[in-house]
Amino acid sequence: DGCGHTVLGPESGTLASINYPQTSPNSTVCEWEIRVKPGQRVQLKFGDFDIDDSDSCHSSYLRVHNGIGPTRTEIGKYCGFGFQMDGLIISKSNEVTVQFMSGTHISGRGFLAAYSTTDKSDLITCLDNASHFSEPEFNKYCPAGCVIPFADISGTIPHGYRDSSSLCMAGVHAGVVSNTLGGQINVVISKGIPYYEGSLANNVTSKVGPLSTSLFTFKTSGCYGTLGMESGVIPDSQITASSILEWPDQTGQVNVWKPENARLKRVGPPWAAFINDEHQWLQVDLNKEKRITGIITTGSTLAEYYYYVSAYRILYSDDAQKWTAYREPGTDEDKVFQGNTELYQEVRNNFIPPIIARFFRINPLGWHQKIAMKVELLGCQFSIGRAPKITVPPPPQNNPPPQNKNDKKNADRSDDVIHSVKTSLQTDKTTFTPEIKNTTVTPNVTKDVALAAVLVPVLVMVLTTLILILVCAWHWRNRKKKAEGTYDLPYWDRAGWWKGMKQLFPTKSAEHEETPVRYSSSEISHLRPREVPTMLPTGSAEYAQPLVGGLVGTLHQRSTFKPEEGKEASYADLDPYNSPVQEVYHAYAEPLPVTGPEYATPIIMDMSSHPSTPLGVPSISTFKAAGNQAPALAGTYNKLLSRTDSTSSAQALYDTPKGQLGPAATTELVYQVPQSVAHSAGSKD
């Protein structure tokens, strides 16, 4: 009377003391006899161990024996509160006896243990969850019997399960392993989500769960795609039923709940049987053999008709004549699947091992009010498990050829049936799910998909890189063009151009450098007189008379200079405090005709009396006045200063310009270069 939760499978199982995880009752005993295949040995692992040791394991203990019966030998005797059993207890044969004794005690949960054959080196117990493992991906072996009432899971596939969920119980819920067989699971850990949905699947109820730091999912065999009920791939003509519910409503219209209405998520009424008994069925013809791995069912989904099927069994066939009921390996009873508990919720059941058949039949065994349901089948093409058939032609004398085409077709069909039976038998021997991949395609197609999954991102990266390079090159070229755009000649100050043109373009000093200035006649027409004094340069002139606009305020159009070996001409700002001194460079005017005189007679100008003359700056220049005004030069404050006063001071002597009547002529004046200029010490612009 001390036995608790117990599932003893052919290769693995789970056992626990009575009342676990609550305190076990006093004076109870339980004995488990475990057998595996001959030639195998048994390994035992404890998930929890809490037995009173107040009397030194005298009345309360757990004892493990090699063998069964009177000839068994003791492996060990264990007790203790919170006892940590490191490692595994391994038998010497394929038989083990586990004995639990509970004497008089106050506390102690008892124990929970799992066992398997020794070839399952990664055995875990039903109490292990994802938080016990640090690896992002790992493989473990789950024992049979991990659907336990005292463990909880949150989540569902494909979104994942909360990290606090039992790994093996979640594996049963996901359809990865069977509760009666156990099996291998491949777990992947990832970042948690804020909310975990609940669902009912494989007789396991997943609860709604809150936010967690991590979650886990399972890699599956990939054979979990829908087979066409919802999508309509399976035509109406291939969905039949034992009976159909028909009745007239209040308006006199006849309602027919036909078999083709039994499509999952299809709006409208479901299929319903006219007779409510255990002999009703809903049949689906898949047109050819398919690997069927699961089924999803709902009730009527109509609030006014609260109908659903609560339990059913599954039958399958290759010819729709001979039917086989689905049974789990190692059992002699038809498996009864848990159905719906209300009319809306989708309930999933998986087939481990899968069913390989063309015709699929659902036989309701329990229902609420009336038999009514909608379904969807899960699976994939059967070609995944079919091996190519190799035939050797027999001798003609032993096996004569078929007499007609029908005999040949019958012979081929017979070979296919035999091959199908062999494949089905091999599938029945499977006790765990194979190594799993998240795909529903065949293995040879999977390789192509994997190759494409690698090549496509690489090609995308290469094309993206080329596009970025072209865009950057185009952008750089545009910036270079903008940077090398045409500028006004006076502002060209680039090192390359300046070095190449140094012989032609002199650098200008704002105040202290001097050089003769010459302007072309085309520019004189754009200048007009202004009453501003001039800084006249001194020094010998090797060129013709420059033609300077009579009274020029600012220089905008190009003026031409011819540099000397020494200093170069400059212009002073009217206000040296507010106006920064900047360099101004000019192009050259055309040389004077060879027949003309090379020099004019110099005239000395006395600038000391002019209020605008800068102090202490000896500016000497020759100029020619005109009536036009040149436009202002942007960004510069340098001024060309010239004198237009017709009166001369006591210290200024002027020569009469050639071709003119006198110094007061305004039409066109040509002056000679003054020899010296006197400036007033207090003059200021």
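**Reading exposure and strand pairing**

Modeller: Isoleucine 469 has a relative accessibility of 51%, and therefore counts as exposed. The cut-off behind that reading is that exposed means over 50%. Please bear in mind that this is a predicted model.

Biologist: Where is isoleucine 469 found, and which residues form the nonpolar patch on the surface?

Modeller: Isoleucine 469 is found in helix H3, which covers residues 443-483. The nonpolar surface patch is formed by Val454, Val458, Val462, Leu463, Leu466 and Ile469, and together these residues have about 550 Å² of accessible area.

Biologist: How do the strands of a sheet pair, and in what order do E1, E2, E9, E4 and E7 stand?

Modeller: In general, backbone hydrogen bonds pair the strands of a sheet, in either a parallel or an antiparallel manner. Here, 5 strands form an open sheet with antiparallel pairing, in the order E1-E2-E9-E4-E7. Its edge strands, E1 (3-8) and E7 (89-90), each pair on one side only. Within this sheet, strand E4 (residues 42-50) pairs with strand E9 (residues 110-117) over 8 bridges in the antiparallel sense.

Biologist: Why is strand E23 described as largely enclosed by the rest of the structure?

Modeller: Strand E23 (residues 308-317) is so described because 8 of its 10 residues are buried. Buried means under 20% relative accessible area.

Biologist: How many bridges join E23 to E26, to E25 and to E24?

Modeller: E23 runs antiparallel to strand E26 (residues 347-368), with 9 bridges joining them, and tyrosine 308 stands opposite histidine 368 in E26. For strand E25 (residues 337-338), 2 bridges make the antiparallel link to E23, where alanine 311 has glutamine 338 as its bridge partner. Strand E24 (residues 324-325) is also antiparallel to E23 and joined to E23 by 2 bridges; tyrosine 316 stands opposite threonine 324 there. E23 and E24 form a hairpin with 6 residues between them, and alanine 320 in the turn has a positive phi of about 65°.

Definitions and conventions: Residues numbered from 1 in each chain as written. Predicted model: local features only at pLDDT ≥ 70, side-chain atom pairs only at ≥ 80, totals over all residues. Heavy atoms only, no water. Pairing = 2+ DSSP bridges. Helix = DSSP H or I, 4+ residues; strand = E, 2+ residues; numbered from the N terminus. Patch = residues over 30% accessible without salt bridge, like charges linked within 9 Å, V, L, I, M, F, W, Y side chains within 5 Å. Areas by Shrake-Rupley, 256 points an atom, 1.4 Å probe, with all protein chains shown as cover. Salt bridge = Lys/Arg side-chain N within 4 Å of Asp/Glu carboxyl O. Buried < 20%, exposed > 50% of the residue type's maximum accessible area, 1.4 Å probe, protein only.
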